[in-house]
Amino acid sequence: MNQLRNYIRLMRVKHYIKNILIFMPLFFAGKIYDWNELSVAVTGFFAFCCVSSSVYIFNDLIDLEKDRRHPTKKYRPIASGQVSVKQAVGLIVVCLFLSILVLVVASNLGGSIFLLLYIIVNIAYSVRLKEYPIMDIVLLASGFVIRMFYGGYLTDVPISGWLYLIVVSGSLYMGLGKRRNELRGGNETRKVLKYYNHSFLEKNMYVCVALANVFYALWAMEFRNTCMIWTVPVFMIILMRYSFDVEGDFDGDPVEVILQDRILITLIAAYAVCLSVLLYW
């Protein structure tokens with residue numbers, strides 16, 4: 001049982017929350033109750049979860065020595081020795097096999113293009129590109145964009161230009177916040193931090209969050225239901241609360257920030273309910 005928990009930690013199961021973006025195009029298209037499309041999105045979600053876990057494990061293998069010198073990452077399953085390198089490689093193979101199996105069963109091999117792109121981007125990031133300033137943040141943000149377009153492809157829903165800009169600016173904001181907090185925390189194992197300074201990261205953080213708010217407001221005004229404009233303040237408050245957390249003792253990882261703040265979770269849940277009412281009732 002303990003070893004199973006180590007595998008779950010290694011696979012970053014709680015980070016699957018990011019993969020909810022796959023359902024975003026279908027949800028905003030008003031088709032979330034279309035069982036055929038929803039089932040396709042669900043199978044795609046599971047396939048992406050398997051692929052993302054394989055990427056997380058690969059990254060831990062690449063960063064093994066660095067993680068062992070890190071004050072908190074040294075407790076990760078591979079770095080702490082709870083999971084061997086051989087076991088980790090075997091788990092990568094299993095995850096990739098399951099993702100392919102899911103797509104084959106769902107007869108949706110076309111989605112594998114996005115999965116392959118996600119793998120290539122993350123391998124490039126893990127092996128080399130995370131050491132280049134700006135490029136590292138762009139690649140982190142690209143993962144969210146790939147998820148969104150993957151969901152749109154699976155469900156045959158075109159991606160709104162405004163939605164694309166919201167996700168891009170929002171993900172860049174979170175990536176910059178992550179680097180800002182790593183810099184503030186004195187992370188000596190991440191080489192790219194030597195190129196950054198607090199002022200640069202903070203200024204660009206708030207440029208991106210401001211743009212996310214503006215893009216969302218413009219997008220909300222395009223909906224047939226004019227009441228969508230009333231969700232703009234809620235969206236702004238969510239980002240404000242997220243910023244409040246990032247300014248605190250969090251390391252800036254989006255998943256950790258969200259899952260450790262009950263108020264933020266409540267705000268997101270209330271926002272989701274509001275959207276559901278406006279889009280479907």
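Which residues in α3 meet which residues in α7?

Reply: On the α3 side they are Glu 37, Val 40, Ala 41, Gly 44, Ala 47, Phe 48, Ser 52 and Tyr 56. Their partners in α7 are Ile 146, Arg 147, Tyr 150, Leu 154 and Thr 155. To meet here is to be in contact, with heavy atoms within 4.5 Å.

Some ground rules. The model is predicted, so local features need pLDDT of at least 70 and side-chain atom pairs count only at pLDDT 80 or more, while totals for chains, interfaces and linings use all residues. Residues are numbered from 1 along each chain as its sequence is written, and side-chain values use heavy atoms, leaving out hydrogens and water.

Now the geometry. Two packed helices are described by the angle between their axes and by the distance between those axes. Helix α3 covers residues 35-62, and helix α7 covers residues 135-155. A helix is a DSSP run of H or I with at least four residues, numbered from the N terminus. The two pack at an angle of about 150°, and their axes are 9 Å apart. Each axis is a line fitted to C-alpha atoms over the stretch in contact, and angles run from 0 to 180 degrees between N-to-C directions. The crossing of α3 and α7 is right-handed. That label applies if the near helix is turned clockwise from the far one by less than a right angle.

Stay with α7. Val 138 is found in this helix. Val 138 counts as partly exposed because its relative accessibility is 39%. The cut-offs are under 20% relative accessible area for buried and over 50% for exposed, with partly exposed in between (1.4 Å probe, protein chains only). Val 138 and Gly 175 are 37 residues apart in sequence. In space their C-alpha atoms are 8.0 Å apart.

Step back into the loop between α6 (112-127) and α7, where Ile 134 is found. Its phi is near 75°, a positive value in a residue other than glycine. Ile 134 is partly exposed, at 44% relative accessibility.

Arg 12 also has a positive phi for a residue other than glycine, near 55°. Arg 12 is in the loop between α1 and α2 (24-28). Arg 12 counts as buried because its relative accessible area is 12%.

That leads to charges. Side chains of opposite charge can pair when their charged atoms come close. The rule for a salt bridge is a side-chain nitrogen of Lys or Arg within 4 Å of a carboxyl oxygen of Asp or Glu. By this rule the count is 14. Arg 12, Asp 60, Asp 67 and Arg 76 are linked in a salt-bridge network.

In Arg 68 and Glu 65, the closest N and O atoms are 3.1 Å apart. Both residues lie in helix α4 (residues 64-69), three residues apart, about one turn of the helix. Arg 68 is partly exposed at 43% relative accessibility, and Glu 65 is partly exposed at 48%. Next comes Glu 131 with Arg 128, where the closest N and O atoms are 3.5 Å apart. Arg 128 is partly exposed, with a relative accessible area of 46%. Last, Glu 182 and Arg 179 form a salt bridge at 3.0 Å, N to O. This pair lies in helix α8 (residues 161-184), again three residues apart, about one turn of the helix. Glu 182 is buried at 9% relative accessibility. Arg 179 is buried at 0%.

Now to helix α1 (residues 2-10), which holds Asn 6. Asn 6 counts as buried because its relative accessible area is 10%. Leaving out residues up to four places away in sequence, Asn 6 touches Pro 77, Gln 82 and Val 83. Asn 6 and Gln 82 are 76 residues apart in sequence, yet their C-alpha atoms are 6.9 Å apart in space.

Finish on the surface. Val 94, Phe 97, Leu 98, Leu 101 and Val 105 form a nonpolar patch there, with about 470 Å² of accessible area together. Patch residues have over 30% relative accessible area and no salt bridge; like charges are joined within 9 Å, and nonpolar side chains (Val, Leu, Ile, Met, Phe, Trp, Tyr) within 5 Å. The areas come from the Shrake-Rupley method with a 1.4 Å probe, and for residues only the protein chains shown count as cover. Val 105 sits in helix α5 (residues 85-105). Val 105 counts as exposed because its relative accessibility is 64%.
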